Amino acid sequence: MSTEIDAQSEEQESHPRWLLDEMIHQPVRLSIIAALSQNKKVDFTFLREYLQLNDSNLSRHLTALEEAGYIEINKVFEGKRPRTWLALSSQGQEAFQKYMQALHRIVGESGK
Amino acid sequence: MEAEKMEAVERLEAIRKAQSAAQKHSPNNGTIQLVWGGLIIVGLALFDIFPGIWAGFIWAGIAIVASFWTARYASRLKVQPRKMRNPFIWMAIYYPVLLMGAILLFPGKPPFLFTIVGVLTALPILWVGWQLRRASQEG
(Lines give C-alpha, C1' and ligand atoms only; values in the text may rest on other atoms or scores of the structure.)
Protein backbone atom coordinates (compact mmCIF):
# COMPACT_ATOMS: atom_id res chain seq x y z
CA MET A 1 0.00 0.00 0.00
CA SER A 2 2.78 2.38 1.03
CA THR A 3 4.79 1.62 -2.15
CA GLU A 4 1.67 2.31 -4.22
CA ILE A 5 1.23 5.72 -2.56
CA ASP A 6 4.94 6.47 -3.02
CA ALA A 7 4.72 5.58 -6.72
CA GLN A 8 1.61 7.75 -7.11
CA SER A 9 3.21 10.76 -5.46
CA GLU A 10 6.37 10.25 -7.52
CA GLU A 11 4.27 10.19 -10.69
CA GLN A 12 2.47 13.39 -9.62
CA GLU A 13 5.74 15.14 -8.88
CA SER A 14 7.16 14.27 -12.29
CA HIS A 15 4.20 16.00 -13.97
CA PRO A 16 5.36 19.07 -15.99
CA ARG A 17 3.17 21.32 -13.80
CA TRP A 18 5.95 21.14 -11.22
CA LEU A 19 8.33 22.65 -13.75
CA LEU A 20 6.22 25.81 -14.04
CA ASP A 21 8.21 28.57 -12.38
CA GLU A 22 5.86 30.46 -10.02
CA MET A 23 7.75 33.70 -10.60
CA ILE A 24 6.96 33.57 -14.33
CA HIS A 25 3.56 31.87 -14.08
CA GLN A 26 1.84 35.01 -12.73
CA PRO A 27 0.01 36.51 -15.80
CA VAL A 28 1.51 40.03 -15.68
CA ARG A 29 5.04 38.76 -15.12
CA LEU A 30 4.58 36.18 -17.88
CA SER A 31 3.66 38.94 -20.36
CA ILE A 32 6.67 40.99 -19.25
CA ILE A 33 9.06 38.06 -19.72
CA ALA A 34 7.46 37.12 -23.06
CA ALA A 35 7.79 40.67 -24.39
CA LEU A 36 11.44 40.76 -23.35
CA SER A 37 12.24 37.24 -24.60
CA GLN A 38 12.93 38.08 -28.26
CA ASN A 39 14.39 41.51 -27.72
CA LYS A 40 17.61 43.12 -26.61
CA LYS A 41 15.79 45.78 -24.57
CA VAL A 42 12.27 47.10 -24.05
CA ASP A 43 11.17 50.52 -22.84
CA PHE A 44 9.25 50.73 -19.54
CA THR A 45 6.53 52.85 -21.21
CA PHE A 46 5.81 50.17 -23.80
CA LEU A 47 5.08 47.61 -21.07
CA ARG A 48 3.01 50.13 -19.10
CA GLU A 49 0.82 50.80 -22.13
CA TYR A 50 0.60 47.18 -23.27
CA LEU A 51 -0.24 45.80 -19.83
CA GLN A 52 -2.42 48.80 -18.92
CA LEU A 53 -0.83 49.16 -15.51
CA ASN A 54 0.16 52.22 -13.57
CA ASP A 55 3.82 52.98 -12.85
CA SER A 56 3.80 51.65 -9.31
CA ASN A 57 2.06 48.36 -10.17
CA LEU A 58 4.42 47.69 -13.04
CA SER A 59 7.43 48.65 -10.91
CA ARG A 60 6.35 46.15 -8.25
CA HIS A 61 6.39 43.30 -10.78
CA LEU A 62 9.66 44.47 -12.29
CA THR A 63 11.32 44.64 -8.89
CA ALA A 64 10.20 41.07 -8.14
CA LEU A 65 11.66 39.87 -11.44
CA GLU A 66 14.86 41.83 -10.88
CA GLU A 67 15.28 40.40 -7.37
CA ALA A 68 14.83 36.90 -8.83
CA GLY A 69 17.66 37.71 -11.26
CA TYR A 70 15.42 37.35 -14.32
CA ILE A 71 15.61 40.88 -15.67
CA GLU A 72 18.00 43.81 -15.69
CA ILE A 73 16.76 47.39 -15.31
CA ASN A 74 18.82 50.17 -16.81
CA LYS A 75 17.88 53.83 -16.25
CA VAL A 76 19.52 56.22 -18.69
CA PHE A 77 19.21 59.71 -20.13
CA GLU A 78 18.79 59.93 -23.89
CA GLY A 79 19.36 63.58 -24.62
CA LYS A 80 17.33 65.26 -21.87
CA ARG A 81 14.81 62.45 -21.72
CA PRO A 82 15.01 59.82 -18.97
CA ARG A 83 14.40 56.32 -20.23
CA THR A 84 14.13 52.99 -18.44
CA TRP A 85 15.25 50.00 -20.47
CA LEU A 86 14.45 46.46 -19.42
CA ALA A 87 16.28 43.37 -20.60
CA LEU A 88 16.04 39.67 -19.92
CA SER A 89 19.09 38.26 -18.10
CA SER A 90 20.62 34.94 -19.16
CA GLN A 91 19.07 33.41 -16.04
CA GLY A 92 15.68 34.80 -17.09
CA GLN A 93 16.13 33.50 -20.63
CA GLU A 94 16.89 30.02 -19.30
CA ALA A 95 13.92 30.10 -16.91
CA PHE A 96 11.61 31.22 -19.73
CA GLN A 97 12.80 28.40 -22.01
CA LYS A 98 12.16 25.84 -19.26
CA TYR A 99 8.75 27.37 -18.63
CA MET A 100 7.89 27.15 -22.34
CA GLN A 101 9.01 23.50 -22.44
CA ALA A 102 6.79 22.73 -19.46
CA LEU A 103 3.80 24.44 -21.11
CA HIS A 104 4.34 22.48 -24.34
CA ARG A 105 4.58 19.25 -22.36
CA ILE A 106 1.29 20.00 -20.58
CA VAL A 107 -0.40 20.78 -23.87
CA GLY A 108 1.04 17.57 -25.24
CA GLU A 109 3.39 18.95 -27.82
CA SER A 110 7.01 18.00 -28.03
CA GLY A 111 8.01 21.58 -28.97
CA LYS A 112 10.53 23.67 -27.13
CA MET B 1 -6.27 17.60 -16.23
CA GLU B 2 -8.26 19.22 -19.03
CA ALA B 3 -8.39 22.52 -17.10
CA GLU B 4 -4.63 22.41 -16.71
CA LYS B 5 -4.22 21.90 -20.45
CA MET B 6 -6.61 24.78 -21.18
CA GLU B 7 -4.67 27.05 -18.85
CA ALA B 8 -1.40 26.10 -20.59
CA VAL B 9 -2.95 26.90 -23.99
CA GLU B 10 -4.09 30.30 -22.63
CA ARG B 11 -0.59 31.02 -21.33
CA LEU B 12 0.95 30.13 -24.69
CA GLU B 13 -1.52 32.48 -26.39
CA ALA B 14 -0.65 35.28 -23.90
CA ILE B 15 3.04 34.74 -24.70
CA ARG B 16 2.39 34.91 -28.45
CA LYS B 17 0.36 38.12 -28.05
CA ALA B 18 3.03 39.80 -25.91
CA GLN B 19 5.76 38.88 -28.41
CA SER B 20 3.63 40.13 -31.30
CA ALA B 21 2.87 43.43 -29.52
CA ALA B 22 6.59 43.90 -28.84
CA GLN B 23 7.37 43.24 -32.51
CA LYS B 24 4.84 45.93 -33.51
CA HIS B 25 6.91 48.52 -31.61
CA SER B 26 10.27 47.29 -32.88
CA PRO B 27 12.13 47.92 -36.15
CA ASN B 28 10.94 44.44 -37.17
CA ASN B 29 7.39 45.74 -37.66
CA GLY B 30 7.85 45.86 -41.44
CA THR B 31 7.69 49.66 -41.84
CA ILE B 32 11.35 50.06 -42.81
CA GLN B 33 11.09 47.35 -45.48
CA LEU B 34 7.86 48.79 -46.91
CA VAL B 35 9.30 52.32 -47.07
CA TRP B 36 12.54 51.14 -48.72
CA GLY B 37 10.66 48.90 -51.15
CA GLY B 38 8.56 51.89 -52.24
CA LEU B 39 11.60 54.17 -52.49
CA ILE B 40 13.49 51.68 -54.66
CA ILE B 41 10.63 51.64 -57.17
CA VAL B 42 10.42 55.47 -57.17
CA GLY B 43 14.21 55.83 -57.30
CA LEU B 44 14.68 53.52 -60.27
CA ALA B 45 11.67 55.01 -62.08
CA LEU B 46 13.51 58.38 -61.90
CA PHE B 47 16.07 56.97 -64.37
CA ASP B 48 13.27 56.46 -66.91
CA ILE B 49 11.95 60.00 -66.34
CA PHE B 50 15.07 62.21 -66.04
CA PRO B 51 18.43 62.16 -67.82
CA GLY B 52 20.91 59.80 -66.04
CA ILE B 53 22.94 62.38 -64.10
CA TRP B 54 19.92 64.18 -62.61
CA ALA B 55 18.17 60.95 -61.74
CA GLY B 56 21.42 59.84 -60.04
CA PHE B 57 21.56 63.02 -57.93
CA ILE B 58 17.89 62.83 -56.93
CA TRP B 59 18.15 59.12 -56.10
CA ALA B 60 21.30 59.70 -54.02
CA GLY B 61 19.47 62.48 -52.13
CA ILE B 62 16.47 60.25 -51.48
CA ALA B 63 18.71 57.37 -50.34
CA ILE B 64 20.68 59.60 -47.93
CA VAL B 65 17.53 61.10 -46.39
CA ALA B 66 15.96 57.62 -46.14
CA SER B 67 19.10 56.25 -44.43
CA PHE B 68 18.96 59.00 -41.80
CA TRP B 69 15.24 58.43 -41.34
CA THR B 70 15.80 54.65 -40.94
CA ALA B 71 18.47 55.13 -38.26
CA ARG B 72 16.37 57.71 -36.36
CA TYR B 73 13.13 55.72 -36.66
CA ALA B 74 14.76 52.48 -35.49
CA SER B 75 16.51 54.09 -32.52
CA ARG B 76 13.38 55.88 -31.28
CA LEU B 77 11.20 52.78 -31.10
CA LYS B 78 10.33 51.42 -27.68
CA VAL B 79 11.51 47.89 -28.40
CA GLN B 80 15.00 47.11 -29.64
CA PRO B 81 15.21 43.61 -31.09
CA ARG B 82 18.09 41.18 -30.70
CA LYS B 83 18.06 40.46 -34.45
CA MET B 84 17.07 42.77 -37.28
CA ARG B 85 15.06 40.88 -39.89
CA ASN B 86 16.49 42.86 -42.70
CA PRO B 87 16.61 41.77 -46.31
CA PHE B 88 18.88 44.61 -47.49
CA ILE B 89 21.91 42.36 -47.26
CA TRP B 90 20.63 40.10 -50.01
CA MET B 91 19.27 43.04 -51.94
CA ALA B 92 22.90 44.17 -52.27
CA ILE B 93 23.62 40.88 -54.05
CA TYR B 94 20.77 40.66 -56.52
CA TYR B 95 20.25 44.35 -57.30
CA PRO B 96 23.49 44.77 -59.40
CA VAL B 97 22.87 41.38 -61.02
CA LEU B 98 19.38 42.48 -62.11
CA LEU B 99 20.60 45.87 -63.29
CA MET B 100 23.56 44.50 -65.27
CA GLY B 101 21.44 41.68 -66.67
CA ALA B 102 18.82 44.18 -67.86
CA ILE B 103 21.44 46.45 -69.47
CA LEU B 104 23.13 43.47 -71.20
CA LEU B 105 19.88 41.91 -72.37
CA PHE B 106 18.34 45.20 -73.52
CA PRO B 107 21.21 47.41 -74.74
CA GLY B 108 18.78 49.70 -76.59
CA LYS B 109 17.11 50.47 -73.21
CA PRO B 110 13.44 49.80 -73.90
CA PRO B 111 10.93 52.12 -72.16
CA PHE B 112 10.42 51.60 -68.41
CA LEU B 113 13.46 49.29 -68.14
CA PHE B 114 14.64 50.87 -64.87
CA THR B 115 11.12 50.94 -63.45
CA ILE B 116 10.81 47.21 -64.14
CA VAL B 117 14.21 46.55 -62.52
CA GLY B 118 13.06 48.67 -59.54
CA VAL B 119 9.85 46.68 -59.17
CA LEU B 120 11.72 43.35 -59.39
CA THR B 121 14.25 44.55 -56.82
CA ALA B 122 11.62 45.89 -54.45
CA LEU B 123 9.19 42.96 -54.59
CA PRO B 124 11.05 40.63 -52.14
CA ILE B 125 11.63 43.55 -49.75
CA LEU B 126 7.96 44.56 -49.89
CA TRP B 127 6.96 40.93 -49.37
CA VAL B 128 9.19 40.64 -46.25
CA GLY B 129 7.83 43.97 -44.99
CA TRP B 130 4.26 42.86 -45.50
CA GLN B 131 4.90 39.52 -43.71
CA LEU B 132 6.53 41.31 -40.75
CA ARG B 133 3.67 43.82 -40.60
CA ARG B 134 1.09 41.04 -40.62
CA ALA B 135 2.92 39.13 -37.86
CA SER B 136 3.17 42.23 -35.70
CA GLN B 137 -0.56 43.00 -36.11
CA GLU B 138 -1.61 39.59 -34.75
CA GLY B 139 -1.10 40.55 -31.12
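**Exercise 1.** Which residue in strand 1 of chain B is the bridge partner of V42(A)?

*Solution.* Keep in mind that this is a predicted model. Now look for V42(A) and step across to chain B: you land on V79(B).

**Exercise 2.** Work out the strand order of the sheet, then find its edges.

*Solution.* Step one: pair up strands within chain A. Strand 2 (71-78) and strand 3 (residues 81-88) of chain A are antiparallel, with eight bridges between them. Here E78(A) sits opposite R81(A) of strand 3.

Step two: write down the whole order. You get 2(A)-3(A)-1(A)-1(B), an open sheet of four strands with antiparallel pairing.

Step three: check the ends. Strand 2 of chain A and strand 1 of chain B each have a single partner strand, so one side of each has no neighbour in the sheet. On average, neighbouring strands are turned by 20 degrees against each other, ignoring direction.

**Exercise 3.** Which strands of chain A does helix 3 of chain A touch?

*Solution.* Follow residues 27-37: this helix packs on the sheet and touches strand 1, strand 2 and strand 3 of chain A. Its direction makes about 90 degrees with that of strand 3.

**Exercise 4.** Describe the side of chain B that touches chain A.

*Solution.* First, count: 19 residues of chain B are in contact with 19 residues of chain A. Next, find the top contributor: helix 1 of chain B gives the most, with 12 residues. Finally, sort chain B's side by type: 10 nonpolar, four polar and five charged.

Conventions
Residues numbered from 1 in each chain as written. Chains lettered and ligands numbered in written order. Predicted model: local features only at pLDDT ≥ 70, side-chain atom pairs only at ≥ 80, totals over all residues. Contact = placed C-beta atoms within 7 Å. Helix = DSSP H or I, 4+ residues; strand = E, 2+ residues; numbered from the N terminus. Nonpolar A, V, L, I, M, F, W, Y, C, P; charged D, E, K, R; others polar. Pairing = 2+ DSSP bridges. Axes fitted to C-alpha atoms, helices over the stretch in contact; angles between N-to-C directions.
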